[in-house]
Amino acid sequence: MKYILPIAFLFLFSCKTIQQDERPPNVLLIVVDDQGYADFSPFDNYEGSAHTPNMARMAKTGTIYTQAYVTAPVCSPSRVGMLTGKNQFRWDGPASWGPGLPDSVRTIAEYLRDAGYSTARIGKNDLGRNFHKNYDKREYPTRHGYDEFLGFNAHAHDFWLHSKAIQDRTPDPYGTSAVLGPLLHNEGEKSYEEGYMTDILTDEAISYLNGNKAENKPFFLTLAYSAVHHLIHEVPQKYLDIYDVPPIPNYDPADSLAYSHHPVGSYSAYYDKYSRLGAIEEGPLRKYYLANLHCLDDNIGRLLDALEAGGMDKNTMVIFISDNGGSPLTGADNAPLAGGKYSLWEGGIRVPMAVSWPGTIKAGGREDRYVSALDVLPTVAEAVGIALNDPTLDGRLLSNPNPERLLVWKWQKTWAVRQGDYKLTNSNENHWKSRPSAQYIAPISDSLNLKLFNVVDDPGERNDLAEELPEVVNRLEAAYLAWCTENLERYY
Ligand SMILES: [Ca+2]
């Protein structure tokens, strides 16, 4: 297998010379779920009660991105954008919860597999269409470039209940976008009688890393944790003790939880009850979230330890990112950003991100120019030496962010555009099931009117400049419409 030489990276990426016979880097993409912008200790706006020292290790060995955007404020479309390097609304006209993955759109896993990599996805998949088994659909990981898959397709999976036995006792194991029961494993299932999801996914990832090492092939592992998505209260006792909150009984099919349209004993009813504020009181809510996050961080520590113990850390590019902003319903903290998951306010789309690749990406670096999850694919491709010849890619290189780059978002009836320091949006609110948590910072407007913000001086989007700077409004709106005209029509 011959690899094309990577081009020396600019700026934060030093000019490391890679010999022709040197093995290309492994790539470990860690995607976490709904982590708040303030719940990441390497950032200056770090809230302080979030325990993330292992996430901070990636900041010490690599570079943090303080203005890292995802392409959507909810799981599925964001994951599709990250996976493809393209704004998923290019082919999803309604900019919906479930964009899916057309046959014509290539994924990062396909690029890397074709370049000779072992590829695996562990954890949450969730491309928004074709949930559950659907092994033959393109949305299933082994149908879009992953040699192996262990995880689940839905928006959420119970953190504790992974057995065939509980699945068989549940009237609606697939009755909602949240599921319980065995994990999907390639074109079959793997049942676990016990264990906690975040621990299981880490164990399986470490097993994969060590097993792959023996094969002497570079790997691309996507480890997509379901933490810290609700059901955030489901946490090992050790972590509940740290935050001094009581355990909440898990779902039991024998219980009579009857809610609205749900059948008695349904998992949907349990999931709905505990994914909104109310069943868990305001005070403990953030503590459960912090416990869930603490456990996630410990597991990321175990993963990084395993990379080091296996001698793989020096030649592995580790990318860490949350799929969207913190949720208004979990006690996540996005301060100083307004809004959160489900909206195009900064709190919904600006996320924790770090990239580590010792010797190539600057250690202890900090990139304050804005970047995007779209950039993961082209950046990895460049590192590996893959030539990309696709004019519809929206991603650019993380190594050299263009400060005047145009970024666009579409999310249902709302849209946003960023260029330079300004962001124009008609974002409103929102899609919650209940009132938001105390951590939530309400946006200044709930209308669909156009608002203009300088998100560098005013990241909290408190000061609407639309009346003061009409020429900027006009310029950004025109840029957004031109982008749509140029890029969306071919897919309609
Ligand atoms: Ca998410």
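N324 is buried, at a relative accessible area of 0%. This residue belongs to a calcium site in a predicted model.

**Calcium site**

- The calcium ion is coordinated by D33 (OD), D34 (OD), C75 (SG), D323 (OD), D323 (OD) and N324 (OD1).
- The coordinating atoms sit at 2.2 to 2.6 Å.
- Along the sequence, the donor residues follow the spacing D-D-x40-C-x247-D-N.
- D323 is buried too, with a relative accessible area of 0%.
- Why is the arrangement around the calcium ion irregular? The six donor atoms subtend angles of 54 to 161°. Six donors count as octahedral only if opposite donors are over 155 degrees apart and all others lie between 65 and 115.
- For comparison, ideal octahedral angles at a metal are 90 or 180 degrees.

**The open sheet**

- Ten strands make an open sheet with mixed pairing. Their order is β9-β8-β5-β4-β10-β1-β11-β13-β2-β14.
- The edges are β9 (188-190) and β14 (365-367), and each of them pairs on one side only.
- Neighbouring strands of this sheet are turned by 15° against each other on average, direction ignored.
- Within the sheet, β5 (residues 148-152) and β8 (residues 183-185) pair in the antiparallel sense. Two bridges connect them.
- G151 has L184 in β8 as its bridge partner.

**A covered helix: α10**

- Helix α10 spans residues 376-384 and is mostly covered. Nine of its nine residues are buried.
- Those buried residues are V376, L377, P378, T379, V380, A381, E382, A383 and V384.
- What do the buried residues of α10 pack against? Their partners among the strands are β1 (26-32), β11 (316-322), β13 (353-356) and β15 (371-372). Their helix partners are α2 (75-84) and α3 (108-114).
- G385 follows α10 and has a positive phi, near 100°.

- Helix α1 (residues 53-61) lies across β1, β2 (62-65), β11, β13 and β14. The helix runs at about 110° to β2.
- Helix α1 also packs on α8, at an angle of about 45° and with the axes 7 Å apart. That angle makes α1 oblique to α8.
- On the α1 side, this meeting involves P53, N54, M55, R57 and M58. On the α8 side, the residues include L293, L296, D297, I300 and L304.
- Helix α8 (residues 282-309) packs with α5 (residues 197-215) as well. Here the angle is about 10° and the axes are 10 Å apart. The two helices are therefore roughly parallel to each other.
- Helix α5 contributes T198, D199, T202, D203, A205, I206 and L209 to this contact. Helix α8 contributes C295, L296, N299, R302, L303, A306 and L307.

- Strands β17 (residues 414-419) and β18 (residues 422-425) pair in the antiparallel sense over four bridges. V417 has L424 in β18 as its bridge partner.
- β17 and β18 form a hairpin with two residues between them. G420 in the turn has a positive phi of about 65°.
- β18 and β19 run antiparallel and are joined by four bridges. K423 stands opposite F453 in β19.

**Backbone details**

- Most residues other than glycine have a negative phi, and most peptide bonds are trans.
- Which peptide bond ends at V228 in the cis form? The bond from A227 to V228 does, with omega near 5°. V228 lies in the loop between β10 (219-224) and α6 (237-243).
- A cis peptide bond also joins A335 and P336, with omega about 10°. P336 is in the loop between β11 and α9 (346-349).
- N186 has a positive phi, near 50°. This residue sits in the loop between β8 and β9. N186 counts as partly exposed, at 24% relative accessibility.
- E461 also has a positive phi, near 55°. Its loop runs between β19 (451-454) and α11 (470-487). E461 is buried, with a relative accessible area of 0%.

Notes. Residues are numbered from 1 along each chain as its sequence is written. This is a predicted model: local features need pLDDT of at least 70, side-chain atom pairs count only at pLDDT 80 or more; totals for chains, interfaces and linings use all residues. Side-chain values use heavy atoms; hydrogens and water are left out. Donors are N, O and S atoms within 2.8 Å of the metal (3.2 Å for Na, K and Ca); water is not among the atoms, so sites may look incomplete. Four donors count as tetrahedral if all angles lie between 85 and 135 degrees; four count as square planar and six as octahedral if opposite donors are over 155 degrees apart and all others between 65 and 115; anything else is irregular. Buried means under 20% relative accessible area, exposed over 50%, partly exposed in between (1.4 Å probe, protein chains only). Contact means heavy atoms within 4.5 Å. Two strands pair if DSSP finds at least two bridges between them. Axes are lines fitted to C-alpha atoms, for helices over the stretch in contact, and angles run from 0 to 180 degrees between N-to-C directions. Angles under 35 degrees count as roughly parallel, over 145 as roughly antiparallel, 65 to 115 as roughly perpendicular and the rest as oblique.
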